[in-house]
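Dear colleague,

I am handing over the structure we spoke about, with the sequence alongside, and would be grateful if you could look through it before reading my notes.

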Amino acid sequence: MSASLPPEQNRLLGHAAECDGIEEYDNPLPTWWLGILYGTIVFAMVYTADYHFVNHRSQAGEYDAEVAAAAITWPTPDASALANVPLTPELIAAGKAVFESNCIGCHGTDLHGGVGPNLTDLDWIHGGTLENITKTITEGVPAKGMITWGPILGPEKISQVSAYVHNAGGGN
Ligand code: HEC
C-alpha cells in the first residue's frame, strides 16, 4: 500500500544503520484508523460524563444494589427464628435428605466426621444448641473450610438440616 503513496508521504526515516538494517516508513496513519482512535476518545468522554455526572452511577453503588437485591433473593435466615421451628419427625427426615446431598463429603454418612468434625459427640467448636448449629450452618466457617450454607440452601433447608444434625448429634 505504501508504494502507492505520493513520494512526500512515503519517506523512509533512514535509521537502518542504527537498527540492524531495519527500516521504518514515516507514513501518515490511514483515515479510517484515526477515525476509530478519535471516535473511541470521544465515546469515552461522553460515556464517562454520562455515567458519573448524568446518571451518578458508580461501582460502589452498583455493588450495593446487587448486594441488596441478593439479600432479597436469598434472605439470610435468622438463626434464632429458625431455631424456634418445632422439631417434627418430618422436619428431621427432610434434613437427613439435605444432609445426604450436601454434607456427607466432609462430615461422613454417619456424621462421624472426616474433613469436618464429628457432629455426634458432645464436643462442639461452635456450640451444640439448635440455635448454635443453625448459626454455624447458615454462616459457615469459611476460614476453616465449612461452607456458608445460608445463601445456598435457603431458610427451609437450613432449618431441616439443623434439626437433623441437632437430633442425630450430641445436641444440648
Ligand atoms: C467442604 C467440607 C464441608 C462441608 C461440605 C460441610 N462442612 Fe460442616 N464443617 C466443615 C469443617 C472443616 C468444620 C469445622 C469448622 C471449624 O473448625 O470451625 C465444619 C463444622 C460444622 C459444624 C460445627 C461443628 C462444631 O463442632 O461446632 C456443623 C454443625 C456443620 N459443619 C454442619 C454441616 C452441614 C449441615 C453441612 C451440609 C449442609 C456441612 N457442615 C457441610 C466442613 C464442611
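The notes below go through the ligand site, then the helices and domains, and lastly a few backbone angles.

Please keep in mind that this is a predicted model, in which local features need pLDDT of at least 70 and side-chain atom pairs count only at pLDDT 80 or more, whereas totals for chains, interfaces and linings use all residues. Residues are numbered from 1 along each chain as its sequence is written, and side-chain values use heavy atoms, with hydrogens and water left out.

The ligand site

The ligand is surrounded by 24 residues, of which the closest are Cys-103, Cys-106, His-107, His-126 and Met-146; a residue is near the ligand if one of its heavy atoms lies within 4 Å of it. By type, this shell divides into 16 nonpolar, six polar and two charged residues, where Ala, Val, Leu, Ile, Met, Phe, Trp, Tyr, Cys and Pro count as nonpolar, Asp, Glu, Lys and Arg as charged, and the others, Gly among them, as polar.

The space taken by the ligand is the largest pocket. A pocket here is an open set of points on a 1 Å grid over the protein atoms alone, where a 1.4 Å probe fits and protein lies on both sides within 12 Å along at least five of seven lines, and a molecule sits in it if more than half of its atoms lie within 2 Å of its grid points. The elements that give two or more residues to the shell around the ligand are α5 (104–107), α6 (130–139) and α7 (150–168); helices are DSSP runs (H or I) of at least four residues, numbered from the N terminus.

Which atoms of the ligand lie 2.6 Å and 2.7 Å from side chains of the protein? An oxygen atom of the ligand is 2.6 Å from a side-chain N or O atom of His-126, and a nitrogen atom of the ligand lies 2.7 Å from a polar side-chain atom of His-107.

His-107 itself belongs to helix α5 and is buried, with a relative accessible area of 10% (buried means under 20%, exposed over 50%, partly exposed in between, with a 1.4 Å probe and protein chains only). The side chain of His-107 also reaches the backbone oxygen of Pro-117 at 3.0 Å.

Helices and domains

In α6, the buried residues are Leu-130, Ile-133, Thr-134, Thr-136, Ile-137 and Thr-138. Thr-134 counts as buried because its relative accessibility is 1%, and its side chain makes a polar contact (a pair of N or O atoms within 3.5 Å, one able to donate a hydrogen and the other to accept it) with the side chain of Ser-162 at 3.4 Å.

The protein is divided into domain 1 (2–57) and domain 2 (79–168), with bounds from an automatic or database domain assignment, and their C-alpha centres lie 62 Å apart. Gly-39, in helix α1 (residues 31–54), is partly exposed at 37%.

Backbone angles

Asp-20, in the segment before α1, has a positive phi near 50 degrees although it is not a glycine, and is exposed at 76%. His-56, in the loop between α1 and α2 (59–73), likewise has a positive phi near 50 degrees and is exposed at 62%. After α6 comes Gly-140, whose phi is positive, near 70 degrees.

With best wishes

Definitions and conventions. On a 1 Å grid over the protein atoms alone, a cavity is a set of points where a 1.4 Å probe fits but cannot get out, and a pocket is an open set with protein on both sides within 12 Å along at least five of seven lines; lining residues have an atom within 4 Å of a point.
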